[in-house]
Amino acid sequence: MNTSHQHTDAHTPIEGRDEAIEFEILETAVRELSIAKGLFSAEDHRRFMEWYDNIGPTGGARVVARAWVDPQFKQRLLADGVAACKELGIDWMAPTGHGTPSDFTWLVACENTPKLHNVIVCTLCSCYPRPLLGHSPAWYERPNYRRRVVRWPRQVLAEFGLIIPPDVEIRVHDSNQKTRYIVLPMRPSDTEGWSEEKLATIVTRDTMIGVAVPRIDWTTTSTPSGQARAE
Amino acid sequence: MSKFEIGDRVTVRNLPALFHTRTQGYTRGHTGVVVGLRPKWVIPEDEAWGRYEGRREPFYMVRFNQRELWPDYGGAVIDTLETEFSERWLESAAAENTAGKTP
């Protein structure tokens with residue numbers, strides 16, 4: 001997480017790049033040409049980016065919670081992830097007709113079991129189930145995570161605070177082509193009687209990447225400071 | 001018609017990587033098991049150049065044991081990794097064995 005600017009001396013100048021990199025120049029050129037040609041307007045572009053930046057992991061949490069309460073939905077999700085998402089109003093093709101800027105052809109839900117723990121990565125770039133989880137976290141895109149989790153998955157998960165027992169298989173899913181993955185975590189045993197909506201609150205982003213598992217004391221609205229005060 | 005079936009042991013070929021391939025270096029020369037079949041898609045070697053009507057091949061999900069990928073893998077022997085390949089990148093593990101492994 002790049003928060004260093006907030007914690008350094010307020011008088012320290014923020015170091016920025018003066019020059020745009022090639023891809024930024026290319027993006028600007030294509031965007032401005034498209035607007036000039038009337039393919040879309042500047043406001044259309046702004047609206048798309050606003051929508052896209054706001055997707056977040058809520059859709060993924062709804063899919064997981066539904067799978068926890070509805071075994072038949074879970075079977076459909078495991079069989080055809082894209083179709084199952086559509087049942088919950090999450091259309092991988094929307095809004096462009098070919099999806100968000102994350103090309104895909106297939107979605108696989110990787111079900112965790114008492115004997116199997118799944119974790120996802122893209123060693124080539126940062127392929128990610130964006131319609132379900134929104135933008136990927138910064139660490140997911142960094143070479144540090146990408147090159148190490150395929151090589152030393154147990155150590156990397158331990159760095160996230162997740163210790164997987166040696167009798168549980170760790171299966172790394174490297175999204176190198178057009179299949180996208182989401183981890184279907186195990187439902188915590190102490191959630192009997194919970195509603196689907198309440199269950200969705202403990203399905204946080206990292207549990208669907210596979211670097212964490214759901215816990216009833218950690219919800220999507222928990223704050224670290226709140227937890228510290230409670231202790 | 002797919003060349004490989006689920007359960008087949010396949011070895012990732014070490015083809016030239018002059019341009020875009022999406023086949024990771026760490027998988028090349030290693031043997032795994034086909035665990036999933038995918039329809040024919042345009043291969044990345046063509047798609048990367050905008051040739052969306054380019055060559056189409058079946059893709060395969062292949063599961064490797066981590067100890068096969070990394071001889072000094074320090075985790076559990078049961079640990080695995082799955083990733084995908086177009087047909088051109090795979091050969092039957094048996095055929096690979098008779099041909100002998102190139103150093």
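User: Which strand of chain A is joined to β4(B) by 3 bridges?

Analyst: This is a predicted model, in which local features need pLDDT of at least 70 and side-chain atom pairs count only at pLDDT 80 or more, while totals for chains, interfaces and linings use all residues. Residues are numbered from 1 along each chain as its sequence is written, and chains are lettered from A and ligands numbered from 1 in the order in which they are written. Strands here are DSSP runs of E with at least two residues, numbered from the N terminus, and two of them pair if DSSP finds at least two bridges between them. The strand that runs parallel to β4(B) and is joined to it by 3 bridges is β3 of chain A, residues 169-174.

User: Which residue in β4(B) is the bridge partner of A:His173?

Analyst: The bridges link β3 of chain A with β4(B). For A:His173, the partner in β4(B) is B:Glu82.

User: How many residues does β4(B) give to the side of chain B that touches chain A?

Analyst: Two residues are in contact if their C-beta atoms, placed from the backbone, lie within 7 Å, and the contact takes 19 residues from chain A and 16 from chain B. On the chain B side, β2 (31-42) and β4 (80-86) each supply at least two residues. The most comes from β4(B), which gives 5 residues.

User: What radius of gyration does chain B have?

Analyst: The radius is taken over C-alpha atoms, and the globule rule is 2.2 Å times the number of residues to the power 0.38. For 103 residues a compact globule would come near 13 Å, which agrees with the value for chain B, 14 Å.

Technical notes:
Helix = DSSP H or I, 4+ residues; strand = E, 2+ residues; numbered from the N terminus.
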